[in-house]
Amino acid sequence: MENLFRVAGKAPKIHIGNVTKNVEEIRNFYEEQAAETDLVVTPELSLTGYTCGDLFHNRQLLEKTKEGLRELTSLTAKYGESGAGLIVGLPLEVDGELYNCGAFMHNGKVLGIVPKTYLPNYGEFYEKRWFSARRYDVVPITLWEGQKTFFGNNLIFSLKDEENPVTIGMEICEDAWAPVSPGRLLAVNGAEILINLSASNEVIGKEQFRKKLVGGVSSSCICGYVYVSASAYESTSDLVFSGHLLMYENGKELGEIKPFQEGVLKKDFYLTKIRHDRLANKSFTDCKRDFTFRTFEVAEWEKKLTKKEEMKRKVPITPFVPSKNRLERSISIFQMQVAGLQRRLEATKSKCIVVGVSGGLDSTLALLVSAKAVKNLGLPSTTVVGITMPGFGTTSRTKNNSIELMKILGCDIREISIVDSVRQHFKDIGHDEDQKDITYENCQARERTQILMDVANKEGGFVVGTGDLSELALGWCTYNGDHMSMYAVNTSIPKTLVRTLVDEVGHDLGRNGFTGIERVIEDIVDTPVSPELLPPNPDGTIAQKTEDTVGSYILHDFFLYYTLRYGVKPKELYELCKTAVEQSQEYKFSEEEIKKWLNVFYTRFFRQQFKRNCMPDGVKVGTVSVSPRGDLRLPSEIELEDFLDF
């Protein structure tokens, strides 16, 4: 069939900072596809890895990158004019500035290099630390002796084939998210297929949003769209990548490699369809223009916003918890956690994972993630070393649940009491055991962490942290105690979501091989949240309940979401919370309670920043994160009085 243009995309296994191995991965992929494909595409910064950080300024890396580009360019000459074109991502220095680029090669030549136009510098992204942005221009450059090429954003690559003269435009990751994207401008200036080299991390809901974005551009620009994103082998210090691949044609999905599923996406674009629709759509024709932006006059509208007595929209009291498709969303989040831990286990070449198992929600989720990661890697279930460490406040309910859960998951089960060692520590520091103060509690938390760390050293493993996002936000963790680990899988999971994940994922595991886990999961979900550091009630039930001290996690997670996600000011947050409570059928709080716990939230949130400044690595899975390496960079000395005015 004529007028078909075949593109193959893949997210190769990435070797962070190792250009030699990345070239080998790309070479293998290209040679598999070169004879039967028109164009081969790899992700953003595929020659180095997207997560190199400050290594991008290292001369060795930049020189190796150029050598790698030259080697791949020579590779395309092997297949001549009939061979496939090849697009790779790389950092490239031009005129004393470093750019995040895509290079287009064919038949032994670099046809052109496209720099990224818009650099994300918000949330978890800070590309302006390393790269310069480039606005619309094209200049000639020399890469090496005998190799001159074009460098610029508004390049359109035209295939000189009279029967099939396809035209291609390229943009890089964030460019597609910009209001006026380079891809749209390239499309209205003739590009029939847009290529996007991306390194898009996964967070909750981003997969669906990404598909809407790519599909929308393909639809409105009447074009083919190839989206190739970085693989799960990128660093997972704070983010997780998934190798999501998409191809659309005129708004219709041609194919997809879903997140965390490896493979090659290869599809044919029907150019006749693209050209017909462009010819018929006069709005597209009217949009044709050059790259000179028009200056628009602003018509002022003298109107003030009407005061809203009643909000005509739903305000969920639990914004972190999926309102629909709960199982599907829970499994998606769980997969991100598993992928991060799995990558870290591979990278460290550790012999085991050590988890402190209390029988509570957080440690249960961390244990489920650990068990699944080990299973995915084909390792024995005993690679997970689960340690229960009963202390002064441990109840038989939580202890029994922790042991039963580990049995079902097949962990290496260990029980180490902390009572004697903590009593010895009380004696060493001169603390009266009858004084049930913060020292009494924190000594237990630090002793447990010491045990976990030392067992990990002894067994050649690393400690998986169990603390969640809500605890980090409130500072409800013992500094250098449960605050610390080698990798924290729950670090961006808020408490309200932890309960949902344990419930949904636990039951899903029960339906898929872990017989009997449902009963344990149900009891854990029903157990009050507690650190169990104070002695239990006379009847053996939990006496110390976290929410009696810090307040409801329903409220705190609501405050956290709107403070970090949208920067809502205190008075507005208070009113917003009142509305959410009024609309809620399940949770009811008085205005006095909302004010009380909002005060506690701001006080604890700002005064506990020092703990977050040295929090362990952990995957970001949602739009809210407190990692100091990504989303939240705050000083530890904030004066919070102005935030208590509501």
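Trainee: How much space lies in the largest cavity?
Mentor: In this predicted model, about 90 Å³ of space lies in the largest cavity.

Trainee: And which residues are closest to its centre?
Mentor: The largest cavity is lined by 14 residues, and those closest to its centre are Gly 467, Leu 472, Asp 482, His 483 and Ala 488. Sorted by class, that lining holds five nonpolar, six polar and three charged residues.

Trainee: How many cavities of 30 Å³ or more does the count come to?
Mentor: The count comes to five cavities of 30 Å³ or more. The second largest cavity has about 60 Å³ of space, and among the 14 residues of its lining, Asp 238, Gly 618, Lys 620, Ser 625 and Ser 627 lie nearest the centre. The lining of this second largest cavity divides into four nonpolar, six polar and four charged residues.

Trainee: New topic: is Val 94 buried or exposed, and why?
Mentor: Val 94 counts as buried because its relative accessibility is 6%, and the cut-off for buried is under 20%. This residue sits in strand β3 (residues 85-94), and, leaving aside neighbours within four places in sequence, Val 94 is in contact with Tyr 99, Ile 141 and Phe 151.

Trainee: What separates the C-alpha atoms of Val 94 and Glu 404?
Mentor: Those C-alpha atoms are separated by 61 Å, and the two residues are 310 residues apart along the chain.

Trainee: Where is confidence lowest and highest among the helices and strands?
Mentor: Helix α6 (residues 282-286) has the lowest confidence, at a mean of 82, and strand β16 (residues 384-388) the highest, at 98. The protein as a whole averages a pLDDT of 91, with 95% of the residues scoring at least 70.

Trainee: Over which residues does pLDDT stay under 50?
Mentor: That is residues 291-306, for which the model has eight contacts beyond four places in sequence. Where pLDDT is low, the predicted coordinates should not be read in detail.

Conventions
Residues numbered from 1 in each chain as written. Predicted model: local features only at pLDDT ≥ 70, side-chain atom pairs only at ≥ 80, totals over all residues. Heavy atoms only, no water. pLDDT = per-residue confidence, 0-100. Helix = DSSP H or I, 4+ residues; strand = E, 2+ residues; numbered from the N terminus. Contact = heavy atoms within 4.5 Å. Buried < 20%, exposed > 50% of the residue type's maximum accessible area, 1.4 Å probe, protein only. 1 Å grid on protein atoms, 1.4 Å probe; cavity = no way out; pocket = protein on both sides within 12 Å on 5 of 7 lines; lining within 4 Å. Points joined across faces, edges and corners; volume = space filled by probe spheres on them. Nonpolar A, V, L, I, M, F, W, Y, C, P; charged D, E, K, R; others polar.
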